[in-house]
Amino acid sequence: MTPSEGDVRAVLNQIIDPCSRVAGAPVGLVDMGLIRRLTVTPGVGTVDVHMVIGVTEYGCLLAPSFASEARKLLDALPGIGVIDIELDAEFDWEPQDMSVAYRRHLAERRAATNQVMLPLRESAMDLAGGRAAPGQPKNH
């Protein structure tokens, strides 16, 4: 049985965007919206895969490593024929390119982080013994 486009997307989504990991909300390339185009073409007993991989910002140097990891993972998937990977030269990624499920997860993660961080900001006076901590506004 040859892999479907869904199988290919699932494999590509195993590649985690490192910036999302650092932000505490790891996500794969598909859900991040970095697989800009994907075509899975049936052949004789195999499928050929053509994809374009992008990055979130012009200065990001991760696209070649994403392509290398994608090739490695797809090579290991039975039924894959030709793998053609291009790097996106448009640099037109926008947050709306993320999957709806990941945008929801990210919003929840940010809300939870703010619940933890905002009380720390509010208690700066307490930490300084009733005085404003360095860098905090003074109450007059």
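1. Val8, Val11 and Leu12 are the buried residues of helix 1, where buried means under 20% relative accessible area with a 1.4 Å probe, protein chains only. They sit on the same side of helix 1 because they cover an arc of only 95 degrees around the axis, the arc being that of the directions from the helix axis to the C-beta atoms.

2. A word on the basis: this is a predicted model, in which local features need pLDDT of at least 70, side-chain atom pairs count only at pLDDT 80 or more, and totals for chains, interfaces and linings use all residues. Residues are numbered from 1 along each chain as its sequence is written, and side-chain values use heavy atoms, with hydrogens and water left out. Helices (H or I, at least four residues) and strands (E, at least two) are DSSP runs, numbered from the N terminus.

3. The buried residues of helix 1 pack against helix 3 (29-32), strand 1, strand 2, helix 4 and strand 3; contact means heavy atoms within 4.5 Å. Helix 1 (residues 5-12) lies across strand 1, strand 2 and strand 3, at about 140 degrees to strand 1. Axes are lines fitted to C-alpha atoms, for helices over the stretch in contact, and angles run from 0 to 180 degrees between N-to-C directions.

4. Now the sheet: it is open, with 3 strands in the order 1-2-3 and mixed pairing. Strands pair if DSSP finds at least two bridges between them. Strand 1 (35-42) and strand 3 (80-87) are the edge strands.

5. Strand 2 (residues 47-53) pairs with strand 3 in the parallel sense over 6 bridges. His50 has Asp84 in strand 3 as its bridge partner.

Note on methods
Buried means under 20% relative accessible area, exposed over 50%, partly exposed in between (1.4 Å probe, protein chains only).
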